[in-house]
Amino acid sequence: SISIHRASFYWGPGQDMLLRDINLSIGQGQLVAVIGEVGSGKTSLLSAVLGEMMARTGKVEVRGTIAYTQQEPWILNASLKDNSEFCLVIY
């Protein structure tokens, strides 16, 4: 499972906080889709969960194994919104 409690994240020293006051709880075996516009923070959220961003405040707990696949460009015959999502599966 993944638990984020009141955490704020940034990329590195001298950088502004990119994600602020995040609360997230994902249970084991859940399939989660994060959907948003380009530049809305979807990849940054995933980077924070994976520990690639620095947490300035709050607490992040990851219990278990995370399966992650690199973003691959693909386009559906659908709206722009429908084409901007990724999935995270927790085992």
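In this document a residue is called buried under 20% relative accessible area, exposed over 50%, and partly exposed in between (1.4 Å probe, protein chains only). The views show a predicted model, in which local features need pLDDT of at least 70 and side-chain atom pairs count only at pLDDT 80 or more, while totals for chains, interfaces and linings use all residues. Residues are numbered from 1 along each chain as its sequence is written, and side-chain values use heavy atoms, with hydrogens and water left out.

**View A. The protein chain contains one helix and six strands.** Helices (H or I, at least four residues) and strands (E, at least two) are DSSP runs, numbered from the N terminus. Read from the N terminus, the order of elements is β-β-β-α-β-β-β. Of the 91 residues in the protein chain, 27% are buried. Among contacts (heavy atoms within 4.5 Å) with a separation of 6 or more, 64% join residues 24 or more positions apart.

**View B. Strands β2, β1 and β4 form an open sheet, in that order, with antiparallel pairing.** Two strands count as paired if DSSP finds at least two bridges between them; for β1 and β2, the antiparallel pairing extends over five bridges. Within the sheet, Ser 3 stands opposite Ser 25 in β2.

**View C. Ile 2 of strand β1 is placed beside Val 62 in this close-up, with the two C-alpha atoms 4.6 Å apart.** Along the sequence, Ile 2 and Val 62 are separated by 60 residues. Ile 2 has a relative accessible area of 1% and is therefore buried.

**View D. Helix α1 lies across β1, β2 and β4.** The helix runs at about 70° to β2, where axes are lines fitted to C-alpha atoms (for helices over the stretch in contact) and angles run from 0 to 180 degrees between N-to-C directions. Helix α1 (residues 42–49) is largely enclosed by the rest of the structure, because seven of its eight residues are buried. The buried residues of α1 are Lys 42, Ser 44, Leu 45, Leu 46, Ser 47, Ala 48 and Val 49. Just after α1 comes Gly 51, with a positive phi of about 85°.

**View E. Arg 6 and Asp 21 form a salt bridge, with their closest N and O atoms 3.2 Å apart.** The term denotes a side-chain nitrogen of Lys or Arg within 4 Å of a carboxyl oxygen of Asp or Glu. This pair links distant parts of the chain: Arg 6 belongs to strand β1 (residues 2–10) and Asp 21 to strand β2 (residues 19–26), 15 residues apart. Asp 21 counts as partly exposed because its relative accessibility is 41%.

**View F. The backbone of Arg 6 has a positive phi, near 45°, and that of Asp 21 has a positive phi of about 50°.** Most residues other than glycine have a negative phi. Arg 6 is located in β1, and Asp 21 is located in β2.

**View G. Lys 59, Glu 61 and Arg 63 make salt bridges that bring charged side chains together.** Lys 59 meets Glu 61 with the closest N and O atoms 3.0 Å apart. Glu 61 also pairs with Arg 63, at 2.4 Å from N to O. Glu 61 is partly exposed because its relative accessibility is 28%, and Arg 63 is likewise partly exposed, at 43%. Shared partners join Lys 59, Glu 61 and Arg 63 into one salt-bridge network. The count for the structure comes to three salt bridges.

**View H. Arg 56 lies over the face of Tyr 10, at 4.1 Å from the ring centre.** A charge is taken to sit over a ring if NZ of Lys or CZ of Arg is within 6 Å of the ring centre and within 35 degrees of the ring normal.
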